[in-house]
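Please open the model in your viewer and keep the selection tool at hand.

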Amino acid sequence: MFNNRTKIKTLLQGNFVGKEVTVMGWVRTFRNNQFIALNDGSTNNNLQVVIALGLLNDETLKRITTGASLKVKGEIVASLGKGQSIELKAITIEILGDSDAEKYPLQPKKHSLEFLREIAHMRFRTNTFGAVFRIRHSLAFAVHKFFNEKGFVYLHTPIITASDAEGAGEMFKVTTLPIDGTAPKNEDGTINFTEDFFGKATNLTVSGQLEGELGAMAFSDIYTFGPTFRAENSNTTRHLAEFWMIEPEMAFYDIEDNMNLAEEFIQYLISYVIENNKEDLEFLDARLAEEEKQKPQNERQELGLIEKLKFVTDNKFERITYTEAIQILLDSPHYKKKKFKYDVSWGIDMQSEHERYLVEKHFKKPVIVTGYPAAIKAFYMRLNNNCEAGKETVAAMDILAPGIGEIVGGSQREERYDVLVKKMEQFNIPVKEMSWYLDTRRFGTVPHAGFGLGFERMVQFVTGMTNIRDVIPFARTPKNCEF
RNA sequence: UCCUCAAUAGCUCAGUUGGUUAGAGCAUCUGACUGUUAAUCAGAGGGUCUCAGGUUCAAGUCCUGAUUGAGGAGCCA
């Protein structure tokens with residue numbers, strides 16, 4: 001029986017002084033042959049275990065090394081030392097698992113994030129990653145809580161898909177055919193997929209949106225939350241080959257409703273973490289402040305992490321149209337001094353530098369941009385009424401966050417059958433293969449909208465971690481699929 | 001995929017103009033120390049200088065290529 005122990009979080013929160021308890025955890029440091037900093041992952045804080053002189057023989061003392069796992073029975077007492085309010089006076093100590101100090105990679109010192117990434121299987125045991133992944137959990141839980149409270153249905157859209165019409169980037173192929181060149185071929189030399197497992201070419205999903213729309217046409221409001229795959233050769237701090245995405249889809253919503261929901265959603269998620277991960281946020285806040293100190297003054301963030309999060313929950317997001325955004329850029333001193341690498345004019349797909357300027361320099365808070373040119377956005381986005389010829393726009397919305405860039409991409413969907421089919425033809429989408437999608441527009445079509453939120457980018461925003469590979473347990477990126 | 005930069009002890013990094021035996025802090029090991037806070041003090045061990053070529057009397061240092069990593073760009077969430 002192991003489960004009669006008390007978690008360290010519980011001990012530090014409650015009033016246990018004078019009580020006898022059993023704790024289990026891993027040694028973070030062992031000082032003076034007397035003080036163990038024990039951590040069990042329930043909280044960022046350690047419990048100090050005190051060993052009285054003579055309790056253990058020398059041989060056992062030597063086995064208490066960084067990383068070893070212990071079972072300690074003892075009495076909770078008010079701490080004599082200054083760094084903590086309570087500590088555990090050990091009665092018995094059992095070493096559950098030794099940790100060879102010469103080989104254990106984590107030392108009681110600061111490690112670089114790059115090094116910890118290489119030992120991702122061990123990095124959960126550090127303060128930083130402990131905090132990051134407890135927050136990641138809280139965010140995931142809050143996602144379900146938010147939508148459940150609003151009556152949304154959690155829909156599991158497929159991970160293996162035959163639809164290649166989404167156009168959201170390169171896909172990973174899924175097949176059971178041999179890859180050594182002996183796969184069955186058609187007369188023209190292409191692979192004969194009718195002999196493949198599914199009888200057709202299949203891929204890992206790049207988005208659950210199209211299937212999500214089918215659900216919304218019955219349940220009114222649905223959301224998906226699952227893994228998503230992109231085979232792009234992207235080497236950046238904000239892209240992964242395997243990531244998690246949340247895609248709500250709502251019937252009887254227009255673009256305005258969509259924006260309201262997305263804003264409320266993001267603010268809810270942040271508030272949940274502020275309330276439930278106070279210590280983890282405080283740790284990350286201090287860590288970030290320390291890092292900021294290393295930077296030259298003009299590159300430093302104005303707000304600390306917690307201040308930034310509170311600012312986002314307490315203030316409305318800025319809402320502007322694409323046309324207004326372009327005008328702001330054209331009027332900016334930055335543009336007039338020719339500091340943009342890429343030119344600005346109506347119709348361009350805004351570059352990172354443009355989005356960063358709007359969010360980080362001009363507004364200094366999350367910005368929702370709507371009404372993008374139809375030509376640069378996906379086929380399913382609703383064409384706006386009364387557009388000037390040659391300046392057609394769609395009811396798209398992107399939410400841009402400081403430091404992260406695009407955190408949400410969404411739109412009101414094109415519900416008019418004729419307009420949608422015409423759009424698909426323009427975008428070279430095979431109308432025939434997509435008839436299941438078009439059925440929603442044939443039978444009881446309604447105005448509807450939805451968006452996709454990159455979960456890891458959200459975790460980045462909340463934790464202040466600058467590299468997306470540090471907010472997912474085991475990052476999959478080009479040339480990297482360890483563990 | 002493109003651009004820039006980097007790779008030296010377990011980790012973080014120094015290594016001068018190409019020159020003799022490649023250094024430091026932390027970690028580890030040995031010893032001391034029983035109210036420590038990434039404990040402290042004394043001593044010791046620890047190197048295929050990423051890999052493959054090349055230039056040179058001589059390469060950690062210069063050149064070419066590869067690999068890996070970081071930052072930026074594109075693609076996007």
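A residue is near a molecule or strand if one of its heavy atoms lies within 4 Å of it. The model is predicted, so that local features need pLDDT of at least 70 and side-chain atom pairs count only at pLDDT 80 or more, while totals for chains, interfaces and linings use all residues. Residues are numbered from 1 along each chain as its sequence is written, chains are lettered from A and ligands numbered from 1 in the order in which they are written, and side-chain values use heavy atoms, with hydrogens and water left out.

**First stop: RNA strand B**

Select RNA strand B together with the 51 residues around it; L53, R117, T236, H239 and R457 come nearest. Sorted by class, the surface near RNA strand B has twelve nonpolar, 23 polar and 16 charged residues. Here Ala, Val, Leu, Ile, Met, Phe, Trp, Tyr, Cys and Pro count as nonpolar, Asp, Glu, Lys and Arg as charged, and the others, Gly among them, as polar.

Next, display the polar contacts (pairs of N or O atoms within 3.5 Å). At K82, a polar backbone atom is 2.8 Å from a base oxygen of RNA strand B. At K109, a polar side-chain atom lies 2.6 Å from a base oxygen of the RNA strand. At S112, a side-chain N or O atom is 2.8 Å from a phosphate oxygen of RNA strand B. The elements giving two or more residues to this surface are strand 1 (20-31), helix 3 (113-118), strand 11 (242-251), strand 15 (405-412) and strand 16 (448-454). Helices (H or I, at least four residues) and strands (E, at least two) are DSSP runs, numbered from the N terminus.

**Second stop: helices 5 and 13**

Select residues 209-219 (helix 5) and 435-442 (helix 13), which pack at an angle of about 30° with their axes 10 Å apart. Axes are lines fitted to C-alpha atoms, for helices over the stretch in contact, and angles run from 0 to 180 degrees between N-to-C directions. Helix 5 is therefore roughly parallel to helix 13, a term for angles under 35 degrees, whereas those over 145 count as roughly antiparallel, 65 to 115 as roughly perpendicular and the rest as oblique. In contact (heavy atoms within 4.5 Å) are L210, E213, L214 and M217 of helix 5 with W436, Y437, T440 and R441 of helix 13. These residues divide into five nonpolar, one polar and two charged.

Y417, L420, V421 and M424 of helix 12 make the contact with Y437, L438, R441 and R442 of helix 13. Six of these residues are nonpolar, none polar and two charged.

**Last stop: helices 4 and 7**

Finally, select helix 4 (residues 127-149) and helix 7 (residues 278-294), whose axes come within 9 Å and cross at roughly 130°. Helix 4 is thus oblique to helix 7. Where do they meet? N127, T128, A131, V132, R134 and I135 in helix 4 meet D280, L281, F283, L284 and R287 in helix 7.

How values were computed
A polar contact is a pair of N or O atoms within 3.5 Å; within protein, one must be able to donate a hydrogen and the other to accept it, and residues adjacent in sequence count only if both atoms are side-chain atoms.
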